[in-house]
Amino acid sequence: MKIKVLVCAALLVLAGCNAPVSQSVADSQRPPSSDVRQNFINIVFKRTYSHEAGEVVWARISSVVLLDPEKKIYAYCVRLVPKRGWGDWAYLGVSFTDGEILGATVNDNRCRDKRLRYYPFTELTGMMT
C-alpha cells in the first residue's frame with residue numbers, strides 16, 4: 001500500500017516527466033552519495049520487485065539533481081538490466097527530500113537525457129530482485 005502511495009505522489013510531483021530536463025537542473029548534478037544508494041535499495045528496490053524477477057546483471061545510478069529549489073526536492077535515475085530481460089533497460093526516476101523518497105516513475109524520459117551522468121551501481125548489480 002505504501003509503495004502505491006509513493007508512486008502516486010511521484011506522479012504528482014514529477015508531473016510532466018516527459019519534458020526535457022532544464023539546463024539549470026542539469027547544471028545542479030552531483031554524484032549520488034552512499035546514503036542515496038542505500039536508501040534506494042532499502043526503500044524502493046527491495047519492496048517493489050519480487051524474487052521471481054531474477055538477478056540484476058547491470059545497474060547504473062545517475063547524478064543527483066535539484067528539481068525544485070524552493071521545496072528542496074532532488075531526483076536521480078536508476079537504469080538496470082534484469083537477468084530475464086537482458087538487453088531491455090528499465091529506467092526509474094526517483095524524487096526525494098530530506099532523505100525521504102517521495103516517489104518513483106517507471107520509464108521517466110528525463111532519465112534518457114544525454115547530459116545526465118551515470119555511475120556504476122555495484123551495490124545493486126548481482127542482487128536478487
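Reply: The link of Cys77 and Cys111 is left-handed, with -85° about the S-S bond. This bond is a disulfide, with 2.2 Å from S to S; the term stands for a pair of cysteine sulfur atoms within 2.5 Å. A disulfide is a covalent bond between the sulfur atoms of two cysteines. The structure holds one.

A word on the ground rules. The model is predicted, so local features need pLDDT of at least 70 and side-chain atom pairs count only at pLDDT 80 or more, while totals for chains, interfaces and linings use all residues. Residues are numbered from 1 along each chain as its sequence is written, and side-chain values use heavy atoms, leaving out hydrogens and water. pLDDT is the predictor's confidence in each residue, from 0 to 100.

Cys77 lies in strand 3, and Cys111 lies in the loop between strand 5 and strand 6, so the bond ties together parts that are 34 residues apart in sequence. Helices (H or I, at least four residues) and strands (E, at least two) are DSSP runs, numbered from the N terminus. Cys77 is buried, at 7% relative accessible area. Cys111 is buried too, at 1%. Buried means under 20% relative accessible area, exposed means over 50%, and partly exposed is in between (1.4 Å probe, protein chains only).

Asp113 counts as buried, at 15% relative accessibility. The Asp113 side chain makes a polar contact with the side chain of Arg115, at 2.7 Å. Such a contact is a pair of N or O atoms within 3.5 Å; within protein, one must be able to donate a hydrogen and the other to accept it, and residues adjacent in sequence count only if both atoms are side-chain atoms.

Now the rings. The whole structure has four aromatic pairs. Rings of Phe, Tyr and Trp (its six-membered ring) pair if their centres lie within 6.5 Å; planes under 30 degrees apart count as stacked, over 60 as edge-to-face and the rest as tilted. Phe40 and Tyr76 are edge-to-face, because their planes stand at 75°, with the centres 6.3 Å apart. Phe40 sits in helix 3 (residues 34–48) and Tyr76 in strand 3 (residues 73–82), 36 residues apart. Phe40 is buried at 1% relative accessibility, and Tyr76 is buried at 3%.

Tyr74 and Phe96 are stacked, with 5.8 Å between centres and 25° between planes. Tyr74 is partly exposed at 24%, whereas Phe96 is buried at 9%.

Arg30 lies over the face of Tyr74, 5.2 Å from the ring centre. The charged end of Arg79 sits over the ring of Tyr118, 4.2 Å from its centre. The test is NZ of Lys or CZ of Arg within 6 Å of the ring centre and within 35 degrees of the ring normal.

Last, confidence. The mean pLDDT of the protein is 76, and 67% of its residues reach 70 or more. Among the elements, strand 6 has the highest mean (95) and helix 1 (residues 2–13) the lowest (37). Where pLDDT is low, the predicted coordinates should not be read in detail.
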